[in-house]
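Here is a short briefing for a reader meeting this chain for the first time. Start with the view below, then take the topics in turn.

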Amino acid sequence: MLPDLDGLEVCRRVRALPGETGKVPVLMLTAKGDPMDRIVGLELGADDYLPKPFEPRELLARLRAILRRSGSVGQPSDDPDVKRFGRLEIDLGARVARLDGRECDLTSYQFQMLAVLAEHPGRVLSRDQIMDALKGHALEAFDRSIDVHISRIRAAIEDDPKNPRRILTVRGAGYVFAKKQDSEEA
């Protein structure tokens, strides 16, 4: 029902484009809600199909799901202050961490600690290295406050804090922020 082409033809042409352009996620938002129209749209390559009228929250949820499935959520952001790791997004400029789009409850210090770990994904950082990055001086011999903060960060960003997948403990060495998370390959 577009002026020059219908949405089905637009979808067909997008899918025919070469390279990554042809793989762009497509959600068809249309007044045609007949089951046959939905089937044709999905068979032509649409990732999802939403007939009008719709709930705005449903549209947002469907868009997030498409981005998750397509891997777009884990791709580097155009904004260098935003780091994405699977379903976790760390916005250094706004000093906010989000999991599935929802803000994680972190103190300023915990956010700083998460940011330090996320700046070095895949690299083991000792407690001393983390403390140096946070305060600029080494830990005292028995200072285990890092462990408490890591535990609280895990409670905010992990699906199961008892079995973490984002911040891992390397016994006797420190902590590592996982490079690949959620549905990404390890």
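The axes of helices H4 and H6 come within 10 Å of each other and cross at roughly 85°. An angle from 65 to 115 degrees counts as roughly perpendicular, so H4 and H6 are roughly perpendicular to each other. This is a predicted model.

**Where H4 meets H6**
- On the H4 side, the contact is made by Tyr-109, Gln-110, Met-113, Leu-114 and Leu-117.
- On the H6 side, the partners are Ile-146, His-149, Ile-150, Arg-152, Ile-153 and Ile-157.
- By class, the residues of this contact divide into eight nonpolar, two polar and one charged.

**Helix H4 itself**
- H4 spans residues 108-118 and is mostly covered.
- Eight of its 11 residues are buried.
- The buried residues are Gln-110, Phe-111, Met-113, Leu-114, Ala-115, Val-116, Leu-117 and Ala-118.
- Gln-110, Met-113, Leu-114 and Leu-117 are buried, and these residues also take part in the contact with H6.

**His-149, a residue of H6**
- His-149 is found in helix H6.
- Is His-149 buried or exposed? Its relative accessible area is 17%, and the cut-off for buried is under 20%, so His-149 is buried.
- Leaving aside residues up to four places away in sequence, His-149 touches Tyr-109, Gln-110 and Met-113.
- Tyr-109, Gln-110 and Met-113 belong to the H4 side of the contact with H6.

**Where H5 meets H6**
- H5 covers residues 127-135, and H6 covers residues 145-157.
- The axes of H5 and H6 come within 10 Å and cross at roughly 80°.
- That angle makes H5 roughly perpendicular to H6.
- H5 brings Arg-127, Ile-130, Met-131 and Leu-134 to the contact.
- H6 answers with Ser-145, Ile-146 and Asp-147.
- Four nonpolar, one polar and two charged residues make up the contact of H5 with H6.
- Ile-146 of H6 takes part in the contact with H5, and Ile-146 is also listed in the contact with H4.

**Arg-98 in strand E5**
- Arg-98 is found in strand E5, which runs over residues 96-99.
- How accessible is Arg-98? Its relative accessibility is 22%. Buried means under 20% and exposed over 50%, so Arg-98 counts as partly exposed.
- Not counting residues up to four places away in sequence, Arg-98 touches Arg-87, Leu-88, Glu-89, Asp-91, Glu-103 and Cys-104.
- Arg-98 and Ile-157 are 59 residues apart along the chain, and their C-alpha atoms are separated by 8.0 Å.
- Ile-157 is one of the H6 residues in the contact with H4.

**The largest pocket**
- The volume of the largest pocket is about 370 Å³.
- This pocket is lined by 17 residues, and the closest to its centre are Gly-7, Leu-8, Met-28, Leu-29 and Thr-30.
- Helix H1 (7-16) and strand E1 (27-30) each supply at least two residues of the lining.
- Of the lining residues, 11 are nonpolar, two polar and four charged.

**The chain as a whole**
- How many helices and strands does the chain have? The secondary structure comes to six helices and nine strands.
- The chain has 186 residues, and 32% of them count as buried.
- Among contacts in the chain with a separation of 6 or more, 39% are between residues 24 or more positions apart.

Technical notes:
Residues are numbered from 1 along each chain as its sequence is written. This is a predicted model: local features need pLDDT of at least 70, side-chain atom pairs count only at pLDDT 80 or more; totals for chains, interfaces and linings use all residues. Side-chain values use heavy atoms; hydrogens and water are left out. On a 1 Å grid over the protein atoms alone, a cavity is a set of points where a 1.4 Å probe fits but cannot get out, and a pocket is an open set with protein on both sides within 12 Å along at least five of seven lines; lining residues have an atom within 4 Å of a point. Grid points are joined across faces, edges and corners, and a volume is the space filled by probe spheres set on the points. Helices (H or I, at least four residues) and strands (E, at least two) are DSSP runs, numbered from the N terminus. Ala, Val, Leu, Ile, Met, Phe, Trp, Tyr, Cys and Pro count as nonpolar, Asp, Glu, Lys and Arg as charged, and the others, Gly among them, as polar. Axes are lines fitted to C-alpha atoms, for helices over the stretch in contact, and angles run from 0 to 180 degrees between N-to-C directions. Angles under 35 degrees count as roughly parallel, over 145 as roughly antiparallel, 65 to 115 as roughly perpendicular and the rest as oblique. Contact means heavy atoms within 4.5 Å. Buried means under 20% relative accessible area, exposed over 50%, partly exposed in between (1.4 Å probe, protein chains only).
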